[in-house]
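Hi everyone, and thanks for coming. I'd like to walk you through a structure that may be new to you, so let me put it up on the screen.

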Amino acid sequence: MSHYILAAVAFSLMLVTNSLPAQNVSQPAADRALPDVALPPELDRVLRDYENAWRAGDAATLASLFAEDGFLLQSQHAPIRGRPAIQAAYDGEGGGPLRLRALAFSAAETIGYIIGAYSYGSTSGDMGKFTLILHRAPGEPWLIFSDMDNLSAKPQKNTPATSSSAESPAAAP
């Protein structure tokens with residue numbers, strides 16, 4: 001009797017495992033690059049202005065893209081609120097060849113969002129992701145109410161043999 005049960009279990013396992021290759025999954029879904037979406041010009045302006053201000057290392061211009069009471073929500077940092085605090089957070093940042101691309105968006109008269117990814121220079125693939133929540137007064141330009149970003153890769157842990165004071169966030173001014 002136990003041989004029949006063992007045979008039934010083995011046959012069931014063969015049926016289950018035989019159907020798996022038919023799914024043809026070559027890589028995890030999270031590793032697949034999502035395609036860009038074209039933004040309407042008034043939303044695209046937000047991304048291009050952000051890129052240009054970042055490349056110039058212009059903290060004041062970056063902060064001016066935000067609503068007066070906007071939020072900056074960066075990985076491993078406390079939330080930052082308001083243009084003066086956002087400008088202070090951006091001081092000394094930027095200056096690199098930031099590239100932003102949109103993955104999804106939606107906009108109504110006074111509120112919208114852009115979900116996207118970012119990279120630097122000619123690197124292949126995205127380094128991180130972002131969500132911009134936008135708002136505006138009717139007929140006015142879009143302002144960023146919230147900018148939330150995070151890295152795509154897991155942060156690497158420093159070991160005593162490989163870490164240096166230059167790599168440590170505590171060493172930053």
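This is a predicted model: local features need pLDDT of at least 70, side-chain atom pairs count only at pLDDT 80 or more; totals for chains, interfaces and linings use all residues.

An α-helix has 3.6 residues a turn, so residues three or four places apart point the same way.

Now let's look at α2 as a whole. The helix runs over residues 41–56, which makes 16 residues. From first C-alpha to last it reaches 22 Å, close to the 22 Å expected at 1.5 Å a residue. Just after the helix comes G57, with a positive phi of about 65°. Which residues of α2 are buried? They are L43, V46, L47, Y50, E51, A53 and W54.

That takes us to the inside of the protein. In soluble globular proteins, nonpolar side chains tend to be buried together. Here the largest nonpolar core has 26 residues, and those with the most contacts inside it are L47, Y50, Y90, I114, L132, L134 and I144. Several elements give two or more residues to this core, among them α2, α3 (59–64), α4 (83–90) and β1 (66–73). The biggest giver is α2, with six residues.

Let me zoom in on I144 for a moment. Leaving aside neighbours within four places in sequence, I144 is in contact with V46 and Y50, and its contacts also include L65, F66, L132 and L134.

Next, the sheet. In what order do its strands lie? This is an open sheet of six strands, ordered β2-β1-β6-β5-β4-β3, and the pairing is mixed. At the edges are β2 (80–81) and β3, each pairing on one side only. β1 and β2 pair in the antiparallel sense, over two bridges. Within β2, I80 is the bridge partner of L72. Our helix α2 packs on this sheet, where it touches β1, β3, β4, β5 and β6 (143–151), and its direction makes about 155° with that of β3. Helix α4 packs on the sheet too, touching β1, β2 and β6, with its direction at about 45° to that of β1.

Let me finish with charges. Side chains of opposite charge can pair when their charged atoms come close. The structure holds seven salt bridges. One of them joins D36 and R101, whose closest N and O atoms are 2.3 Å apart. D36 is in the loop between α1 (2–19) and α2, while R101 is in strand β3, so this pair ties together parts that are 65 residues apart in sequence. And is R101 buried or exposed? It counts as buried, because its relative accessibility is 16% and the cut-off for buried is under 20%.

R101 has another partner as well: its side chain meets that of D126 in a salt bridge, at 2.7 Å from N to O. D126 lies in the loop between β4 and β5, 25 residues from R101. With a relative accessible area of 31%, D126 is partly exposed. Through shared partners, salt bridges join D36, R101 and D126 into one network.

Terms used: Residues are numbered from 1 along each chain as its sequence is written. Side-chain values use heavy atoms; hydrogens and water are left out. Helices (H or I, at least four residues) and strands (E, at least two) are DSSP runs, numbered from the N terminus. The expected span of a helix is 1.5 Å times one less than its number of residues. Buried means under 20% relative accessible area, exposed over 50%, partly exposed in between (1.4 Å probe, protein chains only). A nonpolar core is a set of buried Ala, Val, Leu, Ile, Met, Phe, Trp, Tyr and Cys residues joined through side-chain atoms within 4.5 Å. Contact means heavy atoms within 4.5 Å. A salt bridge is a side-chain nitrogen of Lys or Arg within 4 Å of a carboxyl oxygen of Asp or Glu. Two strands pair if DSSP finds at least two bridges between them. Axes are lines fitted to C-alpha atoms, for helices over the stretch in contact, and angles run from 0 to 180 degrees between N-to-C directions.
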